[in-house]
Structure formats: structure tokens, C-alpha cells
Amino acid sequence: MIDFHLDTRSGVSAYMQIVHQVQRAVRCGLLTPGDRLPAAREVVAALAINPNTVLKAYTELERDGWAASRAGVGTFVAETAPRGVDLEVHDRLVRSLRTWLREAAEAGLDHDAVEALFTLALDAAGVKRVA
Amino acid sequence: MNPALEATGLGKRYGSTWAVRDLSLSVPPGRVAALVGPNGAGKTTLLQLAVGLLTPDTGESTVFGWSPRRHPTLVLARIGFVAQDRPLYRRFTVAETLRMGRELNPKWDQPMAEQRMRRLEIPLERPVGRLSGGQQAQIALALALSKRPELLLLDEPVANLDPLARRLFLSELMAAVAADGLTVILSSHLVADLERVADHLVILGGGRLQVAGDLDLLLPEHRWLIGPAAEAGRVGGTVVQAGTGERQCRVLVRRPRVPPGWTAEPVSLEDLVLAYLANPIAGALPMPEAVPA
């Protein structure tokens, strides 16, 4: 199960923030197919948001194959959702990224420079976009 | 299904001043509608007309198709109303306050009321006057919700509450919407809160309706248009807020036609509300638009 949070200053609509958080959790392997998403009323009470916002987010996740709802039971991460990386692999990748970020900081790169460099490397390596 | 609240040519006058004038709108059932406008725009008058506390001088309003004047009992059974400043008997204990609710309302849900108090850790034996503002607001909400209304109207319910109490109040309110699918109309100045809870917007200015509709439709209909100030006259659509820049200007437009060379940017709820509040004569639609239920 995951906790959603909301940043009302981000300019991203509330329902899209929920969609993104589910997608991110699946991509990182924190959620896998069959895992239950929080019930709409739980999200509503936790975030003090309009119930329709949660329903809209879940509907969008279902439409795009990230989630599936079972009547009367709840909404789950779907079998058709993109496979996330294995948790161990995920941890290893995060660790090596942290080492790299430390090196970048020591070399005097600021946030924007790191982002620019990362985007450059990403494009050069031709990493494919899924979904 | 009938609109939760519908008004046609509604007007209310105090002496020679119109508090609400020629107001027509329609709030579909199931919405959480935010009623926004500067002080004196007619928000409280509109809410009091809707529940039948005031009699209109022109036009009429209905709640699920029933007029509060011709069918007061049918309307009263369907609505909950939390007035501004949450009037409560300060010397009553919480339990006595709930008992009053039970005696006055045939559909009263006592278990729900008590459970709500327990969950919020509000002691039943304490006099209401000795509770915090946030707790008093929760009791006013519990009184309104425990009569199982289909339409809940709240006049500035979270004004004067600290941010945590405000969040708790809205969380209870949204949970009730999720559980019962009731329609809510609430007036508030706090746009950040409205961004979380509202899916329908009604903006009043000087007693008149400026704009109303589902946010899903209203927000994409409005755009910031950015272009050379000298060509501002070529912008098509309803200008809500004219630009002030001498060379480049930003114009907030409803249903814009974008002239060549201009760019269009999305509008946030806060921008939209502030633009209408700053320009009270903008909008003023003659008739309510058909909104799918």
C-alpha cells in the first residue's frame, strides 16, 4: 500500500499527481501486480480532497492498463502494468546514482547542471521510453 | 435528476440595495461547489435564500426541484445548513447538543453522530463553549451531517480555523461526500482549500453571477493569452482581465480565439478566481449553461 501526498503549488492537477505517484511506485517495484491501491475513501480522508479526484485518477490508471478494479473488493495494480525493477536492483541502482551525485557535487555541479548532464547522457545512450 | 440547487432570476433587496440580483444558476447533484466572491457579493444572502431563511423579491430557487417557500418541509428534510460563525448553544454539553439534533430531526443518525465525536476525540460531557474553534466547527458539521441531508450548505465553514483544524474539517466533509454522495455548496475565501475539495465553481460579484460551472470544463475554457500590447484588440472571446503591459500583455480570456503570433497558457484556479474578483463586471452570463449531471 502507498501513501499519497499532494503538492497544491506544483501546478499539476491533483488527479495527475495521484496517477504519477502510482506509476512511480510501480516503476520502482514498490508496487507489483496484485497489490491493492488505497480505497478511494481512505485517500479522500487522508488528503481532504474531492472523491471525484481519486475516482478520476483510478479511472485513468485503469484505462492505461496500470490498474484494474474488482467490483466490491477494490482497485489493484494490473497484470498489464509495466514491470518495475526488482527491489534489489532498484536499491543497487539508487546507491550507484548517489555515489555519482556525490562526485558531481564535489566537482561543483549544481542542481541544473546535474539535470542537464543527466538528460544529455540519457539521450546519448538512447534509453527507450515506455508508456 | 433535478439540480441540487437551481435559481432563476433570483433577487433580494435590502432597501434600495440589491444583495442578489437577477441570479440564475444550476448546481448538479453530487458536486462540491465552491461559492466565491468578495465580501458583500451576496454569498450569504444566496445561501439563506436557498434554504428558505430569506424570501426572494424576484425569481425563485429550488432544492432538488422543490421550492423552499411552497414546500418548506420537503426542502428542510433534504438540506443541512451550517451558518456563518456556527451558531451553537455554548452552555449545552456535546451530548445535549446531539440530543437536540435527535429531537429536531426525524432522520437523525445518532450512532453516526456519536461515532464521529469519538473519532475526533471530542468529549461528550464537555460544554460546547469550552471546546476549541476546530472542535466547535466539527460539532456544527456533525449536527448538519447526522440529519442525513442530500444537500449541505456551508457559509464560510473554515474561516478563523487554524490550518490543521481546517484540514481535519475538510477531511471529515470529503469523507461524508465519499460515503453518501451528498451535494455540497460552500462559500470560502481560501482558494488553496477549494483547489482540493471543489469540482464546481460559482463566482459572485456585486450580487450577480459572474461565472459558474464544473471546473473540468471551466478551467480549460479559460486561457492566458500573451502577445504584443498594440494588438490586444485582436484577441477574441470574453476578456475577463485585460492586460496592463505596455509592450507585451497578458490577457485572461474565456473561450479565446488566439490571434496569430500570440501564445496561450493554462489558467490555475487561483488565477481564475482572482481575475474574476478583480473584475466584477466580467462574465455576468445572462442564462445558466446546461451542465451535464
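Which loop of chain B holds B:D85? The close-ups below get to that and more, starting with some housekeeping. This is a predicted model, where local features need pLDDT of at least 70, side-chain atom pairs count only at pLDDT 80 or more, and totals for chains, interfaces and linings use all residues. Residues are numbered from 1 along each chain as its sequence is written, while chains are lettered from A and ligands numbered from 1 in the order in which they are written.

**View 1**
B:D85 sits in the loop between β5 (79–82) and α3 (94–104) of chain B; helices (H or I, at least four residues) and strands (E, at least two) are DSSP runs, numbered from the N terminus. B:D85 has 12 C-beta neighbours inside 10 Å, so it counts as exposed. The cut-offs go like this: 20 or more other C-beta atoms within 10 Å of a residue's own make it buried, 12 or fewer make it exposed, and anything in between is partly exposed, with C-beta atoms placed from the backbone. Look for B:F64 in the loop between β4 (58–63) and α2 (72–78) of chain B. With 18 other C-beta atoms within 10 Å, B:F64 is partly exposed. For context, most residues other than glycine have a negative phi.

**View 1. α2(A) against α6(B).**
Here α2 (40–47) of chain A meets helix α6 (residues 163–180) of chain B, their axes coming within 7 Å and crossing at roughly 160 degrees. Axes are lines fitted to C-alpha atoms, for helices over the stretch in contact, and angles run from 0 to 180 degrees between N-to-C directions. That makes the two helices roughly antiparallel, the label for angles over 145 degrees. The contact involves A:A40, A:R41, A:V44 and A:A45 of α2(A), plus B:S171, B:M174, B:A175, B:A178 and B:A179 of α6(B); two residues are in contact if their C-beta atoms, placed from the backbone, lie within 7 Å.

**View 2. The side of chain A that touches chain B.**
Zooming out, 12 residues of chain A are in contact with 16 residues of chain B. Both α2 (40–47) and α3 (51–63) of chain A supply at least two residues each to chain A's side. The biggest giver is α2(A), with four residues.

Chain B splits into domain 1 (5–213) and domain 2 (216–278), with bounds from an automatic or database domain assignment. Their centres, taken over C-alpha atoms, are 33 Å apart.

**View 3. B:V36 and its contacts.**
B:V36 belongs to strand β3 (residues 32–36) of chain B. B:V36 has 28 C-beta neighbours inside 10 Å and therefore counts as buried. Leaving aside neighbours within four places in sequence, B:V36 is in contact with B:L201, B:V202, B:I203 and B:V273. B:A140 is 104 residues from B:V36 in sequence, and the two are 21 Å apart in space, C-alpha to C-alpha.

Terms used
Parallel < 35°, antiparallel > 145°, perpendicular 65-115°, else oblique.
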